[in-house]
Amino acid sequence: MAELTEHEKRYVRDYVNSQSPSDDPAELVQKVGSRRILGRMHDIYDVHAKSTRWWVITDPTNLYLQTDFPEAEQALIFHLGLGVFMAERSRARMEEEYEEHVSAAWRRFRQALDAMNDASESEDFQAVGIKCRDALIALGKIHKGAPWVGDVPEPPKAADFRGWGNIFAERLRSYLKSLVDKTWDLTVWLQHCTNATPIDADIVLEATSHLLGTFGKLIHRLEVGEPERCPCCESYRLEEDIQQDDARKGFWESTICEACGWSSEATFTSWAEHFKDADIEGYLSGPGLGISDRLNKGSSP
């Protein structure tokens, strides 16, 4: 069995408790191992609950009854297939922290995906190219006046994505210049290709998605700054650890390094203080985004 940190054990245990009946709590968590498949690491856990037994597999985290999948390999194979299916469904999604930097462009890209889903003839696939081209133009318009771009002595026209894209690339990473030029050329080529095929449109969609996602991440880095590192070992593997304190009616929050075990001093926040300015009614009626959802990852049962 692989070694487990207390933080990792608590996360898996709390995840199972959040997904299973309250009268069947997780009791024993063991790490079976890890498998790197297509560059992505998947951790596998054997979890004994009061009356059931589960496999928990990460990235994304999901759990499977061992009565349905007696062997860990069986659960992993199903997990990978489910991941591929979910990846296709999430093709139009980007992580929120990155999407906010390319929101208007990404909205037009989703329109291109919708057009692709309904496409069947060459002119339909050409329309996909037009919508991808519009997404790139929108990206240029969003950031042409951003502080990180700085002063541009001879600014391109608003619709000149290649011009703005190369300026952005100069401020970000030099290799993006090639990505900007090639992606723009692809969208224009598809727009005018009278013999466009589904594969052609799919290639342009993937290229546009990759460029928008790359810009979203790099712009996020420019605006947010460098990620935090552990003060002891300089690792980036820092995780938020949150533990409920029912007696004091609040929670303790700290940062843990998964590489060396360093932990910051825990700070206490009461529920009353945390929610004093919150729209409780709106929060409860909307998607989970707050502390109660984060507790699934770092709270004590």
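Predicted model: local features only at pLDDT ≥ 70, side-chain atom pairs only at ≥ 80, totals over all residues.
Residues are numbered from 1 along each chain as its sequence is written, and side-chain values use heavy atoms, with hydrogens and water left out.

Helices (H or I, at least four residues) and strands (E, at least two) are taken as DSSP runs and numbered from the N terminus. Two strands are said to pair if DSSP finds at least two bridges between them. By these criteria, four strands form an open sheet in the order β1-β2-β3-β4, and their pairing is antiparallel. The edges of this sheet are taken by β1 (26-37) and β4 (62-65), each of which pairs on one side only. On average, neighbouring strands of the sheet are turned by 25° against each other, with direction ignored.

Within this sheet, β1 is joined by ten bridges to strand β2 (residues 40-49), and the two run antiparallel. Along this pair, L28 has H48 in β2 as its bridge partner, while G33 stands opposite I44 in β2. The strands β1 and β2 form a hairpin with two residues between them, and L38 in the turn has a positive phi of about 55°. Further along, P60 lies in the loop between β3 and β4, and the peptide bond that joins D59 and P60 is cis, with an omega of about -5°. A positive phi of near 65° is also found for E234, a residue other than glycine, which is located in the loop between α8 and β5. Such features are worth noting because most residues other than glycine have a negative phi, and most peptide bonds are trans.

A further open sheet consists of three strands in the order β5-β6-β7, again with antiparallel pairing. Because β5 (238-245) and β7 (267-270) stand at its edges with a single partner strand each, one side of each is left without a neighbour in the sheet. The twist from one strand to the next averages 25°. Eight bridges connect β5 with strand β6 (residues 250-257) in the antiparallel sense, and in this pair L238 stands opposite C257 of β6.

Helix α1 (residues 6-19) lies across β1, β2, β3 (53-57) and β4, and runs at about 110° to β1. The helix α1 also lies across β5 and β6, running at about 60° to β5. These angles run from 0 to 180 degrees between N-to-C directions, and the axes are lines fitted to C-alpha atoms, for helices over the stretch in contact. The structure holds twelve salt bridges (a side-chain nitrogen of Lys or Arg within 4 Å of a carboxyl oxygen of Asp or Glu). One of these salt bridges is formed by the side chains of K31 and E8, at 3.1 Å from N to O. This pair links distant parts of the chain, with K31 in strand β1 and E8 in helix α1, 23 residues apart.

Two packed helices are described by the angle between their axes and the distance between the axes. The axes of helix α5 (residues 122-143) and helix α6 (residues 161-171) come within 9 Å and cross at roughly 55°. This makes α5 oblique to α6, given that angles under 35 degrees count as roughly parallel, over 145 as roughly antiparallel, 65 to 115 as roughly perpendicular and the rest as oblique. The crossing of α5 and α6 is left-handed, a term used if the near helix is turned anticlockwise from the far one by less than a right angle, with clockwise being right-handed. The contact (heavy atoms within 4.5 Å) is made by L136, I137, L139, G140 and H143 of α5 and by F161, W164 and F168 of α6. These residues divide into six nonpolar, two polar and no charged, where Ala, Val, Leu, Ile, Met, Phe, Trp, Tyr, Cys and Pro count as nonpolar, Asp, Glu, Lys and Arg as charged, and the others, Gly among them, as polar.

Helix α6 also packs with helix α8 (residues 198-224), at an angle of about 45° and with the axes 11 Å apart, which makes α6 oblique to α8. Here too, α6 passes α8 in a left-handed crossing. The residues in contact are F161, G165, F168, A169 and R171 of α6 and L211, F215 and L222 of α8. By class, the contact of α6 with α8 has six nonpolar, one polar and one charged residues.
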